[in-house]
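Good morning, and thank you for coming. Please take a moment to look at the sequence and the structure on the screen.

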Amino acid sequence: MLSLLDHEDRTLLSFIDLLPMTSISHILRRLGIPFLLFALFGVQAYSQETSIQVTQPSEYLGYNLGERFTPHHKVIGYFEHVAKQSNRVSYHTYGSTYEGRDLVYVVVTSLTNHEVLEEIRTNNLKLSGLQEGEPTATQRAITWLSYNVHGDEASSSEAAMKTLFELATSQDSDLQQWLDASVIIMDPMLNPDGRDRYVAFVTQQTGMNPNSNGYAQEHDQPWPRGRANHYLFDLNRDWAWGIQKESRHRIEAYHQWMPHIHVDFHEQGFTSPYYFAPAAEPYHPAITPWQRSFQQTIGAYNMAAFDQRGWHYFTREVFDLFYPSYGDTWPTFNGSIGMTYEQAGGGYAGLSISLPQGGELTLADRLLHHHTTGLATIEAVAENADRIVDEFSSQAQLSMSQPRGTYGSYIIPQGQLKDKMHALTTFLEAQGIIFGMADINRSLDGYNYALGAERRVRVESGDLVIPAVQPKGQLVSVLFDPRPGLSDSMTYDITSWEMPYRYGLEAVAIRPALRLSQTQQASDYEPKGGVKVTQNGLATLTEPLSEPFDPTEKPYAYVLPWSSLQDAKFLADWFEAGGHVQVSMNPFTIGETSFPRGSLVITREYNPAMIDRFDSTLYSLAETHGRTLFVTSSGAVTTGSDFGASSMELVMAPKVGVISRDVTSSLSLGEVWHYMDQQLGYPSALIPGANISADVLSELDVLVMPSGDYRGFSESQINAVHEWIQGGGRLVAIGTSLRALERSDLFGITSSSASNPSEDSEQEDPLATSYEDQNRSRVSSFNPGSVYKIRLDDTHPLAFGYSDHMYVMNISNQAYEPLSNGTIGLIDPSSHMSGFIGGEAKRAFEGSMAIGRESIGPGEVIYLPINPLFRGFWEESKLLVANALFLGGL
Ligand SMILES: [Zn+2]
């Protein structure tokens with residue numbers, strides 16, 4: 001532990017005299033640096049192996065670490081600079097952010113290890129089972145340090161520069177031994193867009209002398225703060241889902257290494273002591289004894305380092321290991337020891353803030369704490385390197401020989417919607433999860449997800465199989481096992497997320513671990529664009545689309561069944577191209593082909609502006625979106641309504657606005673924004689809440705209200721919205737925005753309370769609930785997030801594309817009374833499928849409205865109290881939002 005003493009003091013060593021000039025000039029020539037030029041520069045520090053000058057952060061930045069916040073380009077500039085100077089360090093760009101900033105990591109290890117780095121990396125992939133072949137004996141422990149995933153928890157990237165300099169230059173024999181024993185990967189900034197938003201704010205708002213009073217402007221970030229990324233997503237909830245490109249790039253880079261240890265550096269409230277592992281309960285049951293125990297070992301190194309300096313810390317509280325999409329749990333479910341470290345500060349502390357006990361917390365203090373745990377962790381890993389590699393390897397072996405959870409295989413029966421199968425398999429592929437086709441026909445006992453119960457189930461040859469026994473077996477069990485067991489209800493996050501519900505797919509889980517005779521790729525499930533000829537269609541139009549289209553063959557109409565978000569994307573692009581559609585309010589058939597409610601009918605006559613490009617545009621969009629268009633040569637149908645009937649509603653492109661800025665929740669706004677911009681691909685104006693007026697509204701067809709408190713939304717604005725609806729506008733209210741509408745008596749929405757008083761409130765003894773237990777009794781009204789199966793009125797346009805039910809992720813804390821003439825989705829007593837929900841909250845939701853519609857004059861309000869876009873990851877409810885935007889007015 002002595003090696004944790006002030007390292008900075010030992011970096012100002014001059015080793016140049018110890019080396020023969022020949023070796024220096026030789027190294028410089030290899031690096032393309034003229035020797036004379038080198039000799040002219042001042043020398044700060046030397047790595048024994050490199051004998052090359054490594055610039056201190058202060059010299060590179062022009063200020064001492066802790067004096068200012070460093071923007072992204074300078075942090076990665078420094079990392080790249082050090083990598084050029086030190087052959088302990090190599091620099092890698094692995095992607096870019098939405099705003100175009102580079103995502104990078106460096107690999108830091110001894111020169112000897114660098115020479116066999118590719119062997120170390122591939123050996124580890126072989127140990128993990130992700131790469132075929134036998135590893136050689138060259139193995140090192142691999143630690144991955146992730147900094148600044150929350151942009152305004154900004155001390156960690158500063159700490160990363162200090163830690164890098166230390167690792168690149170130190171001549172301390174202990175530290176050199178650490179670099180021999182291990183490979184350290186440092187990602188200095190996981191969220192560059194969010195960090196730069198924060199750094200710009202704090203830099204602009206801070207004067208020459210930082211003001212440490214908490215009420216000063218530099219401590220009060222404006223909406224939307226710097227925590228989230230460009231689309232205002234919390235990247236520390238997105239590791240498993242990869243909705244944001246930063247996460248997708250990072251997971252890809254992670255899969256190139258599969259580190260044994262992962263640390264995610266954060267900040268919390270500015271008065272809190274430092275937090276490090278071991279984590280709090282609940283631990284997901286898939287976490288192995290080794291993963292539990294080694295957190296304690298690392299914790300002991302951190303404790304010793306903090307004890308030595310008299311710094312406060314806590315462990316085993318608040319930060320649990322359950323929800324699989326954090327920077328600690330996702331690495332854990334990928335075989336690593338995944339940990340969160342939390343420094344006080346958290347976007348409030350600026351450069352300096354006064355503490356209640358007296359004194360100040362400065363940026364310099366904060367970065368020193370993160371630097372200290374970083375090095376203590378590296379030390380813990382180095383001193384246990386062989387054991388870490390062995391345990392990682394044997395865990396991987398275990399994953400490849402037996403299931404980690406209850407079930408051995410997860411089966412998705414064939415014949416389900418190809419778009420959903422493709423979405424699921426694309427996700428599995430990105431997660432490195434193997435899947436393939438069943439080659440057995442057998443009945444056996446298993447868990448039926450739709451019924452939420454064990455039953456006799458049937459597996460048919462050709463069904464999609466996701467084996468739990470595979471290199472990623474631990475992750476597979478966590479993602480698929482029904483009803484993940486919760487050892488403690490006081491979790492930090494949602495409590496269930498089973499993939500079949502997420503995608504709205506029928507599935508069963510069985511105990512036998514089926515072996516795949518052949519694996520598959522997502523591309524095997526990719527829908528291909530094409531046309532199909534209905535029985536009164538044109539015989540000359542055939543698949544595939546790549547055949548040149550004959551413009552003399554002009555079908556009467558094209559028909560597209562409406563069943564997935566891909567169909568909505570096709571429609572969004574068709575609208576963008578200037579097209580119109582009719583939507584069938586009733587099912588119909590042409591010959592033997594049946595078309596459900598919601599099918600799009602696209603006729604030449606209703607698209608006069610498209611006349612020259614009508615067919616070619618449809619063809620090209622069908623190809624782009626993998627849609628099969630049915631063509632017909634007549635406006636007559638076999639059963640149902642002809643294309644000219646009034647139940648074939650004309651629908652044109654709506655003009656959409658979304659309320660933004662500080663009246664809304666930044667997370668909810670971000671979900672809507674990303675959905676419109678990146679997923680649906682349809683234009684929308686983000687309109688600051690303060691700018692909503694009758695004039696602005698008169699430009700819109702649809703207004704989306706993301707979740708938010710809307711306290712800054714005035715009564716006259718609510719009145720203006722109501723008048724606009726009376727004139728034909730459509731308001732789509734999501735999540736907590738319903739409360740703002742409920743506060744006004746212009747809208748018919750009413751929240752409901754629990755139908756039965758809770759058991760807790762029936763207690764007569766005032767001391768029955770002790771002070772200590774009060775937190776737990778509040779759990780009864782608590783809904784951290786669980787899976788519900790809501791019942792749908794599938795004749796309503798909002799439910800088009802669904803059957804009579806939909807799986808939703810219910811994170812709502814408020815239930816609403818059903819509307820007598822506008823309840824499209826309802827929560828039944830049997831709706832709760834999985835996850836923890838307090839007894840009182842569960843009762844409150846029974847019989848409550850999940851999707852509603854209220855007519856106001858010719859306009860309407862669509863109520864979506866259960867946020868269908870939560871974290872952008874719940875695929876099953878995304879079509880509902882497209883229905884609200886495009887079909888809502890029908
Ligand atoms: Zn954080």
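Predicted model: local features only at pLDDT ≥ 70, side-chain atom pairs only at ≥ 80, totals over all residues.

Let us begin with the metal site. Which residues coordinate the zinc ion? They are His-150 and His-266, each through ND1, and Glu-153, which is listed with two OE donors; the distances run from 2.0 to 2.5 Å. Along the chain, the donors follow the spacing H-x2-E-x112-H. Glu-153 lies in the loop between strand E3 and helix H7, whereas His-266 belongs to strand E5, so this pair ties together parts that are 113 residues apart in sequence. Glu-153 is buried, at 4% relative accessible area, and His-266 is buried as well, at 2%. The angles among the 4 donor atoms range from 56 to 158 degrees, and the site is irregular.

I turn now to helix H6, which covers residues 117-128. Its 12 residues reach 17 Å from the first C-alpha to the last, close to the 16 Å expected. Is this helix largely enclosed or largely open? Because 9 of its 12 residues are buried, H6 is largely enclosed by the rest of the structure. Among the buried residues are Leu-117, Ile-120, Arg-121 and Asn-124. Just after H6, Gly-129 takes a positive phi of about 90 degrees.

Finally, the surface. Tyr-606, Leu-650 and Met-652 make a nonpolar patch of about 280 Å². Of these residues, Leu-650 lies in strand E26 and is partly exposed, with a relative accessible area of 39%.

Thank you for your attention.

Note on methods: Residues numbered from 1 in each chain as written. Heavy atoms only, no water. Donors = N, O, S within 2.8 Å, 3.2 Å for Na, K, Ca; no water. Tetrahedral: all angles 85-135°; square planar, octahedral: opposite > 155°, others 65-115°. Helix = DSSP H or I, 4+ residues; strand = E, 2+ residues; numbered from the N terminus. Buried < 20%, exposed > 50% of the residue type's maximum accessible area, 1.4 Å probe, protein only. Patch = residues over 30% accessible without salt bridge, like charges linked within 9 Å, V, L, I, M, F, W, Y side chains within 5 Å. Areas by Shrake-Rupley, 256 points an atom, 1.4 Å probe, with all protein chains shown as cover. Salt bridge = Lys/Arg side-chain N within 4 Å of Asp/Glu carboxyl O. Expected span 1.5 Å × (residues − 1).
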